[in-house]
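Open the model in your viewer and keep the selection tool at hand. The stops below go from one selection to the next.

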Amino acid sequence: MLSVVVTGASRGIGLAVAQRLACAGHEVIAVARSAGAPLQSAIAQVTGNRSGSLRFQAADLSDIGSLAALARSLRREWGSIAALVNNAGTGSAGLLATMQDGEIERMLRLNLLSPMILTRHIVRGMMADGGGRIVNISSIVGFAGFKGMAAYAASKAGMVGFTRALARELGPLGITVNAVAPGFVDTDLTRGMGEAERAQVVRRSALRRLAEPSDVGAAVEFLLGEGSRNITGTVLTVDAGATA
Ligand code: NAP
């Protein structure tokens with residue numbers, strides 16, 4: 001059983017990851033700005049099951065200056081952190097030429113800078129503990145071209161470069177670093193996508209369906225498990241064959 005921090009776990013993919021890990025017996029700390037109804041009901045369900053545990057830690061991960069204190073308080077409150085899942089992210093579609101500078105900055109701060117700095121602080125504890133697991137949530141948009149997603153794609157491609165380089169740095173210390181790249185998944189993030197576009201993704205996917213949040217949860221569970229102890233610096237694509 002591992003003590004796992006999952007960022008952006010109040011809904012969508014992060015919540016599915018947190019639920020899956022808690023049900024597998026892990027002690028999960030769900031980080032987000034607020035715990036809405038979906039997370040609260042997941043917490044009640046996990047508590048009822050008496051398997052692992054699921055707890056909430058409020059934090060605004062865009063506030064880079066607060067991340068050192070967050071890492072310290074997570075360690076103080078929950079003890080050693082054996083795994084970190086950097087999932088929190090935001091995305092807005094739009095042609096680069098029409099995007100505001102502030103919007104691009106906000107996206108890069110939450111999607112790329114924040115996970116890098118949070119990892120920097122949390123990994124020190126893993127180094128002292130002699131091992132750990134890090135999983136970064138990227139996206140197929142980071143390596144396949146999608147019109148109207150240049151800034152988001154840059155942030156997600158950045159997560160892949162970060163993953164590979166960090167795997168080299170931390171491998172000798174017994175820490176694995178991997179990324180999961182989901183394809184289109186139905187969540188609040190993708191609510192703005194029209195039916196026609198959604199149908200097109202399904203049609204173009206090898207499996208003729210969309211990946212689901214629980215599929216990403218299963219991939220993360222694998223990357224935290226014994227079966228992946230010799231896997232590091234990789235990107236696991238979970239997209240129902242959209243980029244096959
Ligand atoms: P989502 O449903 O919009 O959930 C985003 C999560 O991030 C929420 O829990 C949100 O909680 C949290 N969050 C947002 N801003 C935050 C902040 N400043 N501080 C702390 N937490 C914050 O998004 P999703 O679709 O599940 O996406 C999760 C990850 O998967 C993202 O990195 C995304 O890029 C990636 N991804 C998604 C898709 C997709 O199709 N959905 C595909 C590939 C990759 P609060 O608002 O309560 O803070």
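Buried means under 20% relative accessible area, exposed over 50%, and partly exposed in between, with a 1.4 Å probe and protein chains only as cover. This is a predicted model: local features need pLDDT of at least 70, side-chain atom pairs count only at pLDDT 80 or more, and totals for chains, interfaces and linings use all residues. Residues are numbered from 1 along each chain as its sequence is written, and side-chain values use heavy atoms, with hydrogens and water left out.

**Stop 1: threonine 7**

Select threonine 7, which sits in strand β1 (residues 3-7). Helices (H or I, at least four residues) and strands (E, at least two) are DSSP runs, numbered from the N terminus. Threonine 7 counts as buried because its relative accessible area is 3%. Leaving aside neighbours within four places in sequence, its contacts include Val31, Leu61, Asn87 and Leu118; contact means heavy atoms within 4.5 Å. A polar atom of the threonine 7 side chain lies 2.9 Å from the backbone nitrogen of alanine 88.

**Stop 2: the ligand**

The shell has 30 residues, and the closest are Ser10, Arg11, Asn87, Tyr152 and Thr187. By class, the shell divides into 13 nonpolar, 12 polar and 5 charged residues. Here Ala, Val, Leu, Ile, Met, Phe, Trp, Tyr, Cys and Pro count as nonpolar, Asp, Glu, Lys and Arg as charged, and the others, Gly among them, as polar.

Which atoms of the protein face the ligand's oxygen and nitrogen atoms? A backbone N or O atom of glycine 8 lies 3.0 Å from a ligand oxygen, and a polar backbone atom of leucine 61 is 2.9 Å from a ligand nitrogen. An N or O atom in the side chain of lysine 156 is 2.8 Å from a ligand oxygen. Taken alone the ligand exposes 880 Å², and the protein buries 94% of that; these areas come from the Shrake-Rupley method with a 1.4 Å probe.

**Stop 3**

α1 (12-23) and α5 (150-170) each supply at least two residues of the ligand shell. Select α5: its 21 residues reach 30 Å from first C-alpha to last, close to the 30 Å expected at 1.5 Å a residue. The expected span is 1.5 Å times one less than the number of residues. Among the buried residues of α5 are Tyr152, Lys156, Met159 and Phe162. Their cover includes β4 (83-86), α4 (101-129), β5 (132-137), β6 (175-182) and β7.

Move to α1, where the buried residues include Ile13, Val17 and Leu21. After α1 comes glycine 25, with a positive phi near 105°.

**Stop 4**

Most residues other than glycine have a negative phi. Select arginine 208, which is not a glycine but has a positive phi of about 55°. Arginine 208 is in the loop between α6 (195-204) and α7 (213-224), and is exposed at a relative accessible area of 54%. Alanine 240 also has a positive phi of about 55°, but is buried at 11%; its place is in the segment after β7.

**Stop 5: threonine 243**

Finish at threonine 243, in the segment after β7 (235-238). Is threonine 243 buried, partly exposed or exposed? Threonine 243 is partly exposed, because its relative accessible area is 33%. Not counting residues up to four places away in sequence, threonine 243 touches Ile140, Phe143, Ala144 and Thr237. Its side chain makes a polar contact of 2.6 Å with that of aspartate 239. A polar contact is a pair of N or O atoms within 3.5 Å; within protein, one must be able to donate a hydrogen and the other to accept it, and residues adjacent in sequence count only if both atoms are side-chain atoms.

Terms used:
Near = heavy atom within 4 Å.
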